[in-house]
Number of protein chains: 2
Amino acid sequence: MEEPGSIRPGGRTARVRAAVLRAAGDALAERGFAHLDLTDVARRAEVGKTTVYRRWGTVTGLVADLLTDMAEQSLPRARTGSLEGDLRANARLVRKTLADPRQGALFGAIIAAATSDTRTAEALHRFYARRIREWVPCVEEAIDRGELPEGTDAEEVVRAVSAPLYYRFLASGDPLDEATADRAAKAATAAARAGAYIKDEQARPIL
Amino acid sequence: MEEPGSIRPGGRTARVRAAVLRAAGDALAERGFAHLDLTDVARRAEVGKTTVYRRWGTVTGLVADLLTDMAEQSLPRARTGSLEGDLRANARLVRKTLADPRQGALFGAIIAAATSDTRTAEALHRFYARRIREWVPCVEEAIDRGELPEGTDAEEVVRAVSAPLYYRFLASGDPLDEATADRAAKAATAAARAGAYIKDEQARPIL
DNA sequence: CCCTTAATGGTCCTGTAGTTCCGTTAGTGC
DNA sequence: GCACTAACGGAACTACAGGACCATTAAGGG
């Protein structure tokens, strides 16, 4: 038999999955990745713990599935007409997500899980690859409008917007206010205009 | 009695601490934060597990102490004479650390631990605050030389160099090659020159 | 609507992480 | 170098996460 739930995914199976993922999200947000255990998740979801162990097996496996589920809900990108406006919308969205108690804790837990499990890490990388690709058109349109130099690596510009926010969130712990988000967008725009993200270019000094 | 080891920190106590921290680092690098358990650390360190539980108590407590220990070994900053040169040296150092199998796994594990434990998080923030402060003079000298506008937030510039590297390392999973490090330095320099990191300035559009 | 069997969920079992207790070792002050 | 006791470490104990087994429930195809 293959993965449980793959042959009869409808009805009860789907309800159980939803309840378990919801409970896992609650538990992660409340207690963090280090204290997550499947027995507790089963209790919260009002589901037999046997089911949780059979379907997901390990903590990281459950987190990976939770992430897959989250990846399916995608948010539309902004269209403000200017590069910095679009990037600022993106930065504010990311900041809002990370600063939100539940969502932020959830992302933290997932990233923590990814550091010790390859499958979770792959799911995480796919998640961000997708999110980044969704915002790439903002940058490409800016290149077409002549706002940015030809050959600019659009994905790198998008990454540059999120990076300072995640750095604060995970490493330095500095506050994640809206000014920070706006500054991230401003800096990414400025660097892109200066040609810091031109593809295939060896990163030699600007001057 | 206060924290064990605080009254007679010499000789054996110090040896035990060193052995345990070393073993913890090995275990974290090999198996990751999720699979760390103190009994295993005690075995590796050839130390009674009672000792480990008494001194450190929990996994996150041990990780926090490991971090404190690491923070004490500080690296001197570069002095190349130009801002981008200095920042590039910093970026390459950070990249090298994160890309190194042992050191990288260790940082990942510590950051993971910090997401679910307040004390570890505080230790981590102190660690980065210190590292950032060490590189601040590079930026301040650049301001003095007239390379950067007056009022530039030096700490923010230093953070901007590390941020893209940590983002790739923890979130997106994109490769951490030297070109990425150089690009991070280049982008931070360009954004700083454009005035994106001027203090107390509301982040309004560049134009 | 019925039959097959995928999937769930009690219940019991086991390995081991984490604790407690107490005897042993060795750091520190005199 | 002696006495005092901080700190270590072995052994035995406990609680519970994780797993095995099987009876029960309800998808999904006909």
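**Figure 1. Salt bridges in the predicted model, with the pair A:Arg92 and A:Glu178 in close-up.** Over all chains, a search of the whole structure of this predicted model finds 38 salt bridges, each defined as a side-chain nitrogen of Lys or Arg within 4 Å of a carboxyl oxygen of Asp or Glu. One of these joins the side chains of A:Arg92 and A:Glu178, with an N to O distance of 4.0 Å. The pair connects distant parts of the chain, since A:Arg92 belongs to helix H5 of chain A and A:Glu178 to helix H9 of chain A, 86 residues apart. Helices (H or I, at least four residues) and strands (E, at least two) are DSSP runs, numbered from the N terminus. Residues are numbered from 1 along each chain as its sequence is written, and chains are lettered from A and ligands numbered from 1 in the order in which they are written. Because the model is predicted, local features need pLDDT of at least 70 and side-chain atom pairs count only at pLDDT 80 or more, whereas totals for chains, interfaces and linings use all residues; side-chain values use heavy atoms, with hydrogens and water left out.

**Figure 2. Fold of chain A.** Chain A contains nine helices and zero strands, and its pattern along the sequence reads α-α-α-α-α-α-α-α-α. The C-alpha trace of chain A spans about 65 × 35 × 30 Å along its principal axes. The domain assignment divides chain A into domain 1 (11-62) and domain 2 (74-193); such bounds come from an automatic or database domain assignment. The centres of the two domains of chain A, taken over C-alpha atoms, are 29 Å apart.

Figure 3. In an unreviewed entry, UniProt gives the annotation "domain: HTH tetR-type" to residues 14-74 of chain A. This span is 77% helix and 0% strand, and its end C-alpha atoms lie 20 Å apart. UniProt also lists residues 37-56 of chain A as "DNA-binding region", again from an unreviewed entry. Residues 37-56 of chain A are 80% helix and 0% strand, with 12 Å between the end C-alpha atoms. UniProt positions are given in the numbering used here, feature names are shortened, and annotations may be inferred rather than shown by experiment.

**Figure 4. Interface between domain 1 and domain 2 of chain A.** Eight residues of domain 1 of chain A are in contact (heavy atoms within 4.5 Å) with ten residues of domain 2 of chain A. The two domains of chain A bury about 710 Å² between them, 65% of which is given by carbon and sulfur atoms; buried area is the accessible area (1.4 Å probe) that two parts lose on being put together, summed over both. On the side of domain 1 of chain A, the residues losing the most area to domain 2 of chain A are A:Ala29, A:Phe33 and A:Thr60, which together account for 62% of what that side buries. One salt bridge is found across this interface. A:Asp26 and A:Arg102 form a salt bridge in which the closest N and O atoms are 2.3 Å apart. The elements giving two or more residues to the domain 1 side are helix H1 (11-31) and helix H4 (59-71) of chain A, and H1(A) provides the largest share, five residues.

**Figure 5. Interface between chain A and chain B.** Contacts involve 49 residues of chain A and 49 residues of chain B. The area buried between chain A and chain B is about 4100 Å², with 64% from carbon and sulfur atoms. Six salt bridges are counted between chain A and chain B. A:Arg183 forms a salt bridge with B:Glu156, the closest N and O atoms being separated by 3.3 Å. On the side of chain A that touches chain B, two or more residues each come from helix H5 (83-99), helix H6 (101-114), helix H7 (118-145), helix H8 (154-172) and helix H9 (178-193) of chain A. H8(A) gives the largest share of this side, eleven residues.

**Figure 6. Surroundings of A:Asp153.** A:Asp153 is placed in the loop between H7 and H8 of chain A. Leaving aside residues up to four places away in sequence, A:Asp153 touches A:Tyr197, A:Ile198 and A:Lys199. The C-alpha atoms of A:Asp153 and A:Ala184, 31 residues apart along the chain, are separated by 17 Å.
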